[in-house]
Amino acid sequence: MSERSERTVGTPAIGRTRTIARAAVRADISQAAFELTRERGFHNITVDDMAAAAGVSRSTLLRYFGSKEEAVLSAFDAHADRFAAALRARPLDEDEWTALRRSMEGVIEYYMEDPVGALSISKLILETPALSGRQLEKTHTWRPSLTTALADRAGLSGPAPIALAVKVAAALECLNIAVERWAAGDGKPDLEALLDEGFDALSSLQTVETTAITT
């Protein structure tokens, strides 16, 4: 095999290695940023402080994260992709509301795998307006991809019906409220039960409206 061929064959492996390394660096920086924020308060630290705590330069931190908020909130970046993939995989015999609820299991797992750490970051976000505002913005950006996933699951083409976008928005708000209640209760309430309660409330409302329309 020629030297060129060897390089070509090895390129995908090198790419995967670089991706893994980049993800590891990103995770280390984010963890350092979070720990420093929890220790000193978000408004009492700068990007330079975060970079120093992570052992990297300011330019390196900003290459991985565009802002202080992003450095702290990056733990949630994978939620939307995981949620969308799970939604597309749900059985077609489930109604859309049930599919949305079951697809959230992967998101809930994040909180249950490390409840102490998840509680710490959740409380920090809720107690810091700059972080809670940015987190709501991030959650809002999930809506298009989740709406598309719900439409793809149904085999629909073209712009997704507004009804699907409304259901996705409602589902995400159920998640936000459940996490807020869970954090406010110091992690003692059952997060899944809180989420189910929110979904059940909207499901009951939908049933009442449907009955009113048909009678």
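1. A residue is called buried under 20% relative accessible area, exposed over 50% and partly exposed in between (1.4 Å probe, protein chains only). By that criterion, both Trp 97 and Phe 199 are buried, and Tyr 110 and Tyr 111 are buried as well.

2. The model is predicted: local features need pLDDT of at least 70 and side-chain atom pairs pLDDT 80 or more, while totals for chains, interfaces and linings use all residues. Residues are numbered from 1 along each chain as its sequence is written, and side-chain values use heavy atoms, without hydrogens and water.

3. Rings of Phe, Tyr and Trp (its six-membered ring) pair if their centres lie within 6.5 Å; planes under 30 degrees apart are stacked, over 60 edge-to-face and the rest tilted. The count under this rule is three aromatic pairs. Trp 97 and Phe 199 make a tilted pair, with 4.5 Å between centres and 35° between planes. For Tyr 110 and Tyr 111, the centres are 5.1 Å apart and the planes at 85°, so this pair is edge-to-face. Ring pairs join Tyr 110, Tyr 111 and Trp 182 in a cluster.

4. A charge sits over a ring if NZ of Lys or CZ of Arg is within 6 Å of the ring centre and within 35 degrees of the ring normal. Arg 22 lies over the face of Tyr 64, 4.5 Å from the ring centre. The charged end of Lys 68 is placed over the ring of Phe 42, at 4.2 Å from its centre.
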